[in-house]
Amino acid sequence: MDVRRRHFTLALGLLGTGALTACSDPPPQISRLGGDDRPLTMRLSPAADLALMGSVHNGAVLWRWEDGQIVARLEHRPGAHADVMAAAFSPDGRWAATGERDSVVLWDLMARRALGFWAPPGGVRALAVADGGRRVLVGLSTQQAWIIDPRGGTTPAVIEQADAVGVTY
């Protein structure tokens, strides 16, 4: 074994040992969010103070991370729970989008109200929200992506053959 390979192997061994040591301490306190519901998606706000969880039975729920309290229930249809499969915060943390199989909703989190509802032609796979809620990018199971302008009209821009739907702003 030449000298370079031996030093590289030793360096990898030391890095692996350090990583395991750094991850070995248990957390001082564990908070439980979501109760017994099964999450389908979960996103942390940019400030990491809120968690937005989409689930099987409770639709979308906004949680305060610090104490595990529910801040808001974000309902796609009043009185009905949706299977929310995608969620996203805007980079400024003021706006969020949630998506289920047949609807996308843009939320003003400060006012705790919906700003718009859209019905895409396929299942929602991924979402991204621009600062100020100016645009919502929706990745669909139909290999399309929609760019929605909530303030500029109701017709979204459609991008065909959009296989890479995990794009963010």
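Predicted model: local features only at pLDDT ≥ 70, side-chain atom pairs only at ≥ 80, totals over all residues.

Mentor: Residues are numbered from 1 along each chain as its sequence is written, and side-chain values use heavy atoms, with hydrogens and water left out.

Trainee: What makes the contact of Arg-101 and Asp-83 a salt bridge?

Mentor: The term requires a side-chain nitrogen of Lys or Arg within 4 Å of a carboxyl oxygen of Asp or Glu. Arg-101 and Asp-83 have an N to O distance of 3.2 Å, so the pair meets that definition. Arg-101 sits in the loop between β6 (95-99) and β7 (104-108), and Asp-83 in the loop between β4 (70-74) and β5 (86-89), 18 residues apart; strands here are DSSP runs of E with at least two residues, numbered from the N terminus.

Trainee: How many salt bridges does the structure hold?

Mentor: There are four, and among them is the one between Asp-108 and Arg-94, at 3.5 Å from N to O. Because Asp-108 belongs to strand β7 and Arg-94 to the loop between β5 and β6, this pair ties together parts that are 14 residues apart in sequence.

Trainee: Why is Asp-108 called buried, and why is Arg-94 called partly exposed?

Mentor: Buried means under 20% relative accessible area and exposed means over 50%, with partly exposed in between, using a 1.4 Å probe and protein chains only. Asp-108 has 6% relative accessibility and therefore counts as buried, whereas Arg-94, with a relative accessible area of 37%, is partly exposed.

Trainee: How do you know which class Asp-149 and Arg-135 belong to?

Mentor: Asp-149 has 27% relative accessibility and so counts as partly exposed, and Arg-135, at 35%, likewise counts as partly exposed. These two residues also form a salt bridge, with their closest N and O atoms 3.7 Å apart.

Trainee: What makes β9 and β10 paired strands?

Mentor: Two strands pair if DSSP finds at least two bridges between them. β9 and β10 (residues 136-140) have five bridges in the antiparallel sense, so they qualify as a pair; Leu-127, for example, has Val-138 in β10 as its bridge partner.

Trainee: Why are β9 and β12 described as standing at the edges?

Mentor: The open sheet has four strands in the order β9-β10-β11-β12, with antiparallel pairing. β9 (124-129) and β12 (157-159) each have a single partner strand, so one side of each is left without a neighbour in the sheet.
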